Amino acid sequence: MAESTKGGKQKKLKGNFVYGLDIGTRSIVGTVGYPEKDGFVVVSQKVKEHETRAMIDGQIHDIAAVGETIRYVTDELEKEVGEKLKSVCIAAAGRVLRTVNTHVDMEFDEEKTITREDIFALDSLGIEKSYENFVQENNTDLIFYCVGYTVMRYQLNHYPMMNLENHKARSISADLIATFLPDEVVDGLYKAVEMAGLEVANLTLEPIAAMEVAIPANYRMLNIALIDVGAGTSDISITRGGSIVAYGMLPIAGDMLTEEIAMHCLVDFATAEQIKRGIGETKEVQYKDIMGLDQKISRQEVLDTLTGSVQQLAQQAADKIRELNGDKPVSAVFVVGGGGKIAGYTDAVADALGIARERCALRGEEVMQKIRFLQKDVVKDSLLVTPVGICLNFYQQSNNFIFVTFNGSRIKLYDNSRLAVVDAAMGAGFSNEDLFPKRGDELLFTFNGKAKTVRGQLGESCRITVNGKNADINTPIHSNDVINVTPSTKGETGSMLLERLTDLKESIRIRVGNDRVSLPKFATVNGRLETAGYEIKAGDVVEILPYYTVQQIAEVMDVTPDEQTEIRINHEVSDLSGKVYDNFILEFGIKQDSLTDAQDEETEVDGESWDTSGDAKAQIAAIRKRQSGQAEDIENQAEENEDKDGQTPDDKPEDAESQQVQTPDVGQEGAESQQERIPDDKPEDTESQQEQTPDGGPVELNVIINGRNYIFKGKSEYVYVDAFDYIDLDLSKPQGKFVETLLNGRKAQYMEKLNDGDVLSIGWKD
């Protein structure tokens, strides 16, 4: 038998044959045939009884023995049909049968013509929903599998419809009944078939299979019960309103009668079975008891011996029928199977139900009018109903199990025609977390007094192959596929640098004198100052400082306040530990009580007296340069004046007597590249001005700064600090730890007098 196709289409079989096995408690019946218009052709049928009690009450007890019997039957059939049989349809019976009734709907975006694929999808959706409901209600430790289903009714746009195919609809619905058996029943059947070298093509329930033959669709409008009395179980199904509405199963059947005969005649089970069958053909049966003595028993004696057991068997069947039929008797009862052939059984069932005896009867040849047997001398009796029904059910539904290999282990999966790798992983108990990338541990720390979490990184996804080819969790799988899944990995722990904190990216903007300065924020970790490149660790306590201390600002600006320096924050006196926040004003000055006659010089800046001796000169020079404004502003103003007057005016004090005469521009090579800057600070007190030239006019100096020539002009005398007016050195953006000032190769004082030809070196140093 060839493999079945997916999508709900009819299966195509090799040689057009279907192979069905009725694995019963007493015997195994194998049937090979093919469908024809309005019927079915049985090409060959073989029967083999179990040599031991390998099965009891429909449950396999000796898997190997059953497998050997299946292999024998299969070999005999292969000789008959001349082809190798690879797969087989089977039916299950069992002592614990559960059923679930389910309603399912399928909506479409727009009206469409319903196809067989749509109907199959609707049925599959109903099976899945039934299984989900059953799992939720299962209060036992047993694992159950769906072994069959029957659609009770269809609806087209919410109206009843017997056949949905080819109708147009926006929605279709189905009410179905699904049956479930424990894993031990199903697993035993599959293993026995596998040991015989076969694969299961379809699995159904025995009463469903019997119903395919015993009660045709045109009879199902009636309220009829079907009893399939086998050796170990009595399987019951009920029809009403055009469909099967209930299933049931009893763990007693023909074997109970055989055991009664064995005890009465003092024989083994096999001999008792021969006696039971013999009374159906003759009035007297001869046998040997366990003592080896020849014995004989009449048919009537056997029936009298079995009267109590037959009544018990019939009563339990009648009670189950009432239970399944809403506590009401059915209109008629059809009986099939070998166990139901015992004389008096059908009459006892009718009496127990309270219906006429003629409405409870064995069904054999009467229901197999469309079954054609190619073998000669075949008796169409009740024993053949279920084996043929198993073959016919193959064309009605596909609710079987498949086997796949998952990471080296062979597992069984219920085939809903849409199986994927993820279903196999779940069936194998593979951790769901190992299917998807795992995120690394979180980084937890405290930021500005609040807990902060940084998520870990995602790891790599799992690696999947199906039959050696790359796949993913949604890749479809089929019977005997080999699936390998390498678990996903865990990502790195969450991480963060200080510089990534939002607050740290903001700046503190302050004013130092007349200059606006933007300073990056600092952060402390566990009380220690850390750089922006610090990697935060779990448990760290991080705080962003919203201020700078005066000491920190002084270091950034290369200013060295001393004991004579007066510090003011927002015009209030402070010290080096004072905190300067965003938009604060910081000022450096000289304490009034530190001015003495021993001071070298005084110069007035913005109305305050500043000490220009010693280290304070560096402070004053830097601050004086800032407070006077940027050099670009002066240069731009000079260019505007030149445009108006044709010349660059000097800085002229308001006192006319102190006005200086401008010296003509010196024609010097490269003069166009020289920076001619006008000093931005002129003391108003003429008495504090330095000595002028003999004619009272300003002088010009040719000075080399950092290797370039500059012309100083507009003043009568120049000091070292004037050089800052001619170079572009932004003290608000430190490029080193301090500014080195050299004059002719030696360290210079900021207020040291300059001469023509002096060589200056000014720059940042570490």
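Tutor: Let's start with a term: contact means heavy atoms within 4.5 Å. This is a predicted model, in which local features need pLDDT of at least 70 and side-chain atom pairs count only at pLDDT 80 or more, whereas totals for chains, interfaces and linings use all residues. Residues are numbered from 1 along each chain as its sequence is written, and side-chain values use heavy atoms, leaving out hydrogens and water.

Student: Which residues does I70 touch?

Tutor: Leaving aside residues up to four places away in sequence, I70 touches Y19, L21, I23, I28, A192, V193, A196 and L198.

Student: What makes a set of residues a nonpolar core?

Tutor: Its members are buried Ala, Val, Leu, Ile, Met, Phe, Trp, Tyr and Cys residues joined through side-chain atoms within 4.5 Å. Buried means under 20% relative accessible area (exposed is over 50%, partly exposed in between; 1.4 Å probe, protein chains only). The largest such core has 114 residues, and I23, I70, V333 and Y345 have the most contacts inside it. Helix α7 (residues 299-324) gives the largest share, ten residues. A second, separate core of 24 residues includes V699, L701, V719 and F724.

Student: Why are α4 and α9 called roughly perpendicular?

Tutor: Axes are fitted to C-alpha atoms, for helices over the stretch in contact, and angles between N-to-C directions run from 0 to 180 degrees. Under 35 degrees is roughly parallel, over 145 roughly antiparallel, 65 to 115 roughly perpendicular, the rest oblique. Helices α4 (206-214) and α9 (385-393) pack at about 95 degrees, with axes 7 Å apart, so they are roughly perpendicular to each other.

Student: What makes β14 and β18 edge strands?

Tutor: Strands pair if DSSP finds at least two bridges between them. The open, mixed sheet has five strands in the order β14-β13-β12-β17-β18. Strands β14 (243-250) and β18 (360-362) each have a single partner, so one side of each has no neighbour in the sheet. The average twist is 20 degrees from one strand to the next.

Notes. Helix = DSSP H or I, 4+ residues; strand = E, 2+ residues; numbered from the N terminus.
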